[in-house]
Amino acid sequence: MKRILTGDRTTGKLHLGHYVGSLQNRVKLQDEYDTFILLADIQALTTHFKQPEIIRESIYEVAIDNLSVGLDPDKATLFLQSKIGAIAELTVFYSMLVTVNALRHNPTIKTEAKQYGYDDLSYGFLGYPVSQTADITFCNADLVPVGEDQIPHIELSRKIARRFNDMYGRGQEIVREPEVLISETPRLVGLDGNAKMGKSLGNAIYLSDTIEDVNAKVKLAVTDKNRISLKDKGNPDICTVSQYHKAFNASNYENICEMCRNADIGCVACKKLLTEKLNGLLDPFREKRAYYESHRNEVRDIIVAGSERANAIGNETVENIKKAMSIHL
Ligand code: TRP
């Protein structure tokens, strides 16, 4: 079985954008691949080092988000980054193979630095793509299923793996060169029409939202602003709700757009259709979530067992890498 690795920073609960961009895909892939899911609490520190209590609580939230949408702990290995010493060790070794300029030019780093208002970057933040390379390679992952914004990081991981093997491999592959697997679903817009759904943007529907939350949020979602009365013909191309129909109600999408253009459906009714669809998707997740929330010890056990498995593999990788680099007595 080929191995995949992906994961999330533990900086808060996950939303529908994460679901369409990543979670949905990993749940599908767990049947075909040996699946490793990382709870990236160390990477979370790169932006949330002043709020360690958020990171700690989010470990459980993100773990339960994953389990609630169908990640099966008997199939997938869910583990905690800070428990894997190999990741920290590999990060140090790999850091020699990357220049500061290469990191500075990473477009995702640039976007995030702007988003967080950093003008001078911490060493840890600038270097997190190196640590991410360790996340991916410590377990010899073949594939990394992620959203588009992660492409520059995986490109870097490939470069580091190649450089390592060229330099220390003596013709052998010591570090597995990973491949990126991009989610086919386009990025989900925010309820406010913002290009991205994000927790810092306040425009997200969370996997943990109740029926009432979803109803209230969809009611406030931005539609075609030129459409004032029911008789006005709408333009679904500039409507947030239509994009959600596309993502979550695909079989009805064309039909709904047609009705909107002809003023055969109003925004209230259109939103109601969406709300029903979203709650239909979320209901089974809510049921699983309720179980795990009342069995937090079980969640803990899952993470501990996953981290043990990850450690066994990681320790072996570190041995191989040190041997290749002649770091031994
Ligand atoms: N950087 C990823 C994100 O922000 C999270 C992450 C950390 C990750 N390590 C990873 C993703 C390794 C894939 C592989 O979503």
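Ala 263 counts as partly exposed because its relative accessibility is 22%, a value between the buried class (under 20% relative accessible area) and the exposed class (over 50%), computed with a 1.4 Å probe and protein chains only. Ala 263 lies in the loop between helix 12 (250–261) and helix 13 (267–293); helices here are DSSP runs of H or I with at least four residues, strands are E runs of at least two, and both are numbered from the N terminus.

Before we go on, a quick note on the model. It is predicted, so local features need pLDDT of at least 70 and side-chain atom pairs count only at pLDDT 80 or more, while totals for chains, interfaces and linings use all residues. Residues are numbered from 1 along each chain as its sequence is written, and side-chain values use heavy atoms, with hydrogens and water left out.

**Other loop residues**

You'll find Arg 170 in the loop between helix 9 (151–168) and strand 5 (179–182). Is Arg 170 buried or exposed? Arg 170 is exposed, because its relative accessible area is 66%.

Asp 209 sits in another loop, the one between strand 5 and helix 10 (211–219). At 5% relative accessibility, Asp 209 counts as buried. Its side chain makes a polar contact of 2.7 Å with the side chain of Lys 217. (A polar contact is a pair of N or O atoms within 3.5 Å; within protein, one must be able to donate a hydrogen and the other to accept it, and residues adjacent in sequence count only if both atoms are side-chain atoms.)

**Around the ligand**

Now for the ligand. It takes up the space of the largest pocket. A pocket, worked out on a 1 Å grid over the protein atoms alone, is an open set of points where a 1.4 Å probe fits, with protein on both sides within 12 Å along at least five of seven lines; a molecule sits in one if more than half of its atoms lie within 2 Å of its grid points. Strand 1 (3–9), strand 2 (34–40), helix 8 (128–137) and strand 4 (143–146) each give two or more residues to the shell around the ligand. Which of the elements gives the largest share? That's strand 1, with 4 residues.

In total, 13 residues surround the ligand, each with a heavy atom within 4 Å of it. The closest are Leu 38, Gln 43, Gln 132, Asp 135 and Gln 150. Sorted by class, the shell holds 6 nonpolar, 5 polar and 2 charged residues. (Ala, Val, Leu, Ile, Met, Phe, Trp, Tyr, Cys and Pro count as nonpolar, Asp, Glu, Lys and Arg as charged, and the others, Gly among them, as polar.)

An N or O atom in the side chain of Gln 43 is 2.8 Å from a ligand nitrogen. For Gln 132, a polar side-chain atom lies 3.0 Å from a nitrogen atom of the ligand. In the side chain of Asp 135, an N or O atom is 2.8 Å from a ligand nitrogen. On its own the ligand has 360 Å² of accessible area, and the protein covers 89% of that (Shrake-Rupley method, 1.4 Å probe).

Helix 8 is largely enclosed by the rest of the structure, because 10 of its 10 residues are buried. Among them are Gln 132 and Asp 135, along with Tyr 128 and Thr 137. Helix 2 (residues 41–48) is largely enclosed as well, because 6 of its 8 residues are buried. Its buried residues are Asp 41, Gln 43, Ala 44, Thr 46, Thr 47 and His 48.

**Along the chain and across space**

Let's finish with a few pairs of residues. Thr 77 lies in strand 3 (residues 77–80) and is buried at 5% relative accessibility. Leu 103, in helix 5 (residues 100–104), is buried with a relative accessible area of 8%. Val 20, in helix 1 (residues 16–29), is buried too, at 4%. Ser 251 lies in helix 12 and counts as exposed at 71% relative accessibility.

| Pair | Apart in sequence | C-alpha to C-alpha |
|---|---|---|
| Thr 77 and Ala 310 | 233 residues | 7.7 Å |
| Leu 103 and Pro 152 | 49 residues | 9.8 Å |
| Ser 251 and Glu 184 | 67 residues | 17 Å |
| Val 20 and Val 299 | 279 residues | 23 Å |

Notes:
On a 1 Å grid over the protein atoms alone, a cavity is a set of points where a 1.4 Å probe fits but cannot get out, and a pocket is an open set with protein on both sides within 12 Å along at least five of seven lines; lining residues have an atom within 4 Å of a point.
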